Amino acid sequence: EAIAMSHIFTEAKLEQAIIALLGQHLNSAGQPCYPHYVGSDVPRKDNSEVLIAADLREFLARQYQADGITEGEIAAILHQLQTLPASDLYQSNKTFCHWLSNGFLLKREDRDQKDLYIELMDGRDLPTQLAQLFSGEEVEAQIGNNIFRLVNQLEIEGQTRDGGLQLRKPDAILYVNGLPLVVFEFKSAVREEAATIYDAWRQLCVRYRRDIPKLFVYNALCIV
């Protein structure tokens, strides 16, 4: 019986298989495009923080170095993102997705300078990659200035209905430039009590959305 149980494809094994699959994508330098991190190794002030501020700062500094972006201007962008309220989740996520898709203008500290057009991802290689994809060519993995992290077992602090504190741990999150854009939920259909796609959807869109809504302010995609 012990031998038979070892061959069951558990959710933990599914999680590791997905991490390994994404780890096969390498950039031109032979490094993983989506490096894997355990949640405890992710730099955050505390468990209530869902952004990786250091990654966003690094990305903005590199992406807009030629424009002379200042530390104060980077701090202003970070503040703009951090102050989107989770209490109005629909509107905050709508606003964030608009900024993510279309960019936004940043008022410069030096008022004599023109407003700076800010994009939260480096998409310069995207037209070439899409052309390769639709022509049937092999798509070259180019990440530009983007910083990716595939994070599992990240503890996120949320509140209970009675105002207490609780920790939630999403199966995996794909961070892009410090933004938790993709949330994964892994369910195994071959365990004894098989979970359904609905169970996974409910975990993400009901339980996590209720308990850790701040994560979903910055969500672009949920993958089951």
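1. Seven salt bridges are present in the structure, a salt bridge being a side-chain nitrogen of Lys or Arg within 4 Å of a carboxyl oxygen of Asp or Glu. The model is predicted: local features need pLDDT of at least 70, side-chain atom pairs count only at pLDDT 80 or more, and totals for chains, interfaces and linings use all residues. Residues are numbered from 1 along each chain as its sequence is written, and side-chain values use heavy atoms, with hydrogens and water left out.

2. One of the salt bridges joins Arg 149 to Asp 55, with 2.6 Å between the closest N and O atoms. Arg 149 lies in strand β4 (residues 148-152) and Asp 55 in helix α3 (residues 53-63), so that the pair, 94 residues apart, links distant parts of the chain; helices (H or I, at least four residues) and strands (E, at least two) are DSSP runs, numbered from the N terminus. Arg 149 is buried at a relative accessible area of 12%, and Asp 55 is buried at 3%. Buried means under 20% relative accessible area, exposed over 50%, and partly exposed in between (1.4 Å probe, protein chains only).

3. Asp 115 and Lys 107 also form a salt bridge, at 3.4 Å from N to O. Here Asp 115 is partly exposed, with a relative accessible area of 33%, while Lys 107 is exposed, at 56%.

4. A network of salt bridges links Arg 168, Arg 210 and Asp 211. Within it, the closest N and O atoms of Asp 211 and Arg 210 are 2.7 Å apart. Asp 211 is buried at 4% relative accessibility, whereas Arg 210 is partly exposed at 41%.
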